[in-house]
Amino acid sequence: EKCSFGMDLADPATLAKLPREAGRIELCGLVSSICVLSNAAVLQAHYPPAQLTVDARLTGSFDPAMHKACLDLMENSLQVEVTHR
């Protein structure tokens, strides 16, 4: 059971599962324009110095155009490295 698309960092149980620091974080999953994007934004805010990476082969969406736009947004606005386009 979850109350949002991205991880809930206001939840102490979620925070307890995360490391204090991270140098590199790789994201994957479905749907890229909902959960993956939400988690990228949350993790970028929580770990500002970390390098976030999304392997485009390991994400997807019900809408190919939205998927591409989401990858572009993460790469250009959230400074996420998008690989294997």
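User: How many residues does helix 3 have, and how far does it reach from its first C-alpha to its last?

Analyst: Keep in mind that this is a predicted model. Helix 3 covers residues 64–77, which is 14 residues, and it reaches 20 Å from first C-alpha to last, close to the 20 Å expected at 1.5 Å a residue.

User: How much confidence does the predictor put in the protein?

Analyst: The mean pLDDT is 93, and 98% of the residues reach 70 or more. Confidence is lowest in helix 1 (residues 12–17), with a mean of 90, and highest in strand 3, at 98.

User: Back to helix 3. Which of its residues are buried?

Analyst: Those are His67, Cys70, Leu71 and Met74. They cover an arc of only 100 degrees around the axis, so they sit on the same side of helix 3. The face turned away from that buried side carries the exposed residues Ala65 and Asn76.

User: And what do the buried residues of helix 3 pack against?

Analyst: They pack against helix 2, strand 2 (51–60) and strand 3 (81–83).

User: What goes on at the start of helix 3?

Analyst: Look at Asp63 there: one of its side-chain oxygens comes within 3.0 Å of the backbone nitrogen of Ala65.

User: How about helix 2: how many residues, and what reach?

Analyst: Helix 2 has 15 residues and reaches 19 Å between its first and last C-alpha, close to the 21 Å expected at 1.5 Å a residue.

User: Is Ser33 buried or exposed?

Analyst: Buried, because its relative accessible area is 19%, and the cut-off for buried is under 20%. Ser33 lies in helix 2 (residues 32–46). Beyond its neighbours within four places in sequence, it is in contact with Ser61, Met66 and Cys70.

User: Which residues touch the most other members of the largest nonpolar core?

Analyst: General idea to start with: in soluble globular proteins, nonpolar side chains tend to be buried together. Here the largest nonpolar core has 17 residues, and Ile25, Leu27, Leu52, Val54 and Met74 touch the most other members. Strand 1 (24–30), helix 2, strand 2 and helix 3 each supply at least two residues of this core. The largest share, four residues, comes from helix 2.

User: What does Val54 touch?

Analyst: Leaving out residues up to four places away in sequence, Val54 touches Leu27, Val36, Thr59, Leu71, Met74, Val80, Glu81, Val82 and Thr83.

User: Now the backbone. Where is there a cis peptide bond?

Analyst: As a rule, most residues other than glycine have a negative phi, and most peptide bonds are trans. In this model, the bond from Leu30 to Val31 is cis, with omega near -10 degrees. Val31 lies in the loop between strand 1 and helix 2.

User: Which residue just after helix 3 takes a positive phi?

Analyst: That would be Gln79, at about 60 degrees, although it is not a glycine. Gln79 lies in the loop between helix 3 and strand 3, and it counts as exposed because its relative accessibility is 61%.

User: What is phi of His84 near?

Analyst: Phi of His84 is near 55 degrees, a positive value in another residue that isn't glycine. You'll find His84 in the segment after strand 3. At 47% relative accessibility, His84 counts as partly exposed.

Definitions and conventions. Residues numbered from 1 in each chain as written. Predicted model: local features only at pLDDT ≥ 70, side-chain atom pairs only at ≥ 80, totals over all residues. Heavy atoms only, no water. Buried < 20%, exposed > 50% of the residue type's maximum accessible area, 1.4 Å probe, protein only. Contact = heavy atoms within 4.5 Å. Expected span 1.5 Å × (residues − 1). Arc of directions from axis to C-beta. Polar contact = N/O pair within 3.5 Å; in protein donor to acceptor, adjacent residues only side chain to side chain. Core = buried A, V, L, I, M, F, W, Y, C linked by side-chain atoms within 4.5 Å. pLDDT = per-residue confidence, 0-100.
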